[in-house]
Amino acid sequence: MAQEQARTPRTTGARRRLTAQDWADAALAAMREGGLAAVAVEPLAARLGTTKGSFYWHFANRDALIEAALARWEDVATEDVITKVEAESGPERKLRRLLDRTTGAAGADPLELSLLATAADPRVAAALARVTERRIGYVAALFAEWGCSQAEARRRGLLAYSAYLGHSQLGHAVPQALPAGAARTRYLDSVIDTLLRRA
């Protein structure tokens with residue numbers, strides 16, 4: 001799924017009270033840049049232009065912040081994307097929009113790959129499991145709406161999600177391997193056509 005980047009708040013001349021979401025977004029930005037190990041209270045406070053006191057107003061400890069950041073990632077990178085895709089009519093149009101959005105954003109945002117690289121952490125593993133099940137389930141529901149049996153819809157949903165993850169990895173590791181411009185559009189059309197091929 002697309003990584004709709006949560007914005008790190010920037011301070012302006014007038015100070016405003018930071019929210020727990022501001023801290024979670026800053027933690028996600030740190031994860032995006034340096035993985036789970038980059039989530040540290042003092043550097044995040046400096047990034048947000050505040051003190052550790054603000055952190056402890058919202059969170060008991062670093063673990064609580066990591067949990068909040070992962071929950072925020074689930075919302076932004078999955079639920080918000082699904083909500084936007086649902087504005088389309090019909091399962092085929094939804095699948096096309098979903099693939100276009102997610103593959104386009106995946107190459108620009110390393111957060112998901114950073115999380116996959118730290119999947120041994122139980123907190124990250126739990127979030128990845130929830131997100132993976134939600135995403136595959138959503139795509140499978142679109143294939144079921146299109147007319148596939150439940151088993152076939154699940155198989156195609158898994159295939160589509162695996163293709164997305166592979167595309168994300170290539171986008172970061174070997175971006176020149178992926179088509180761009182009009183060739184990208186033709187490529188995505190061919191992927192959808194393959195996924196929608198009647199058995």
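Trainee: What does the side chain of Arg72 make a polar contact with?
Mentor: The partner is the side chain of Asp25, at 2.7 Å, where a polar contact is a pair of N or O atoms within 3.5 Å, one able to donate a hydrogen and the other to accept it, and residues adjacent in sequence count only if both atoms are side-chain atoms. Bear in mind that this is a predicted model, in which local features need pLDDT of at least 70 and side-chain atom pairs count only at pLDDT 80 or more, while totals for chains, interfaces and linings use all residues. Residues are numbered from 1 along each chain as its sequence is written, and side-chain values use heavy atoms, with hydrogens and water left out.

Trainee: Which helix is Arg72 found in?
Mentor: Arg72 belongs to α4, and a kink of about 30 degrees in that helix is centred on Asp75, the bend being the angle between axes fitted to the seven residues ending at a residue and the seven starting there.

Trainee: New topic: how many aromatic pairs are there?
Mentor: The count is 4, taking rings of Phe, Tyr and Trp (its six-membered ring) whose centres lie within 6.5 Å, with planes under 30 degrees apart called stacked, over 60 edge-to-face and the rest tilted. One of them joins Phe55 and Tyr56 edge-to-face, at 4.8 Å centre to centre and 80 degrees between the planes.

Trainee: And is Phe55 buried or exposed?
Mentor: Phe55 counts as buried because its relative accessibility is 0%, whereas Tyr56, at 49%, counts as partly exposed; buried means under 20% relative accessible area, exposed over 50% and partly exposed in between, with a 1.4 Å probe and protein chains only.

Note on methods:
Helix = DSSP H or I, 4+ residues; strand = E, 2+ residues; numbered from the N terminus.
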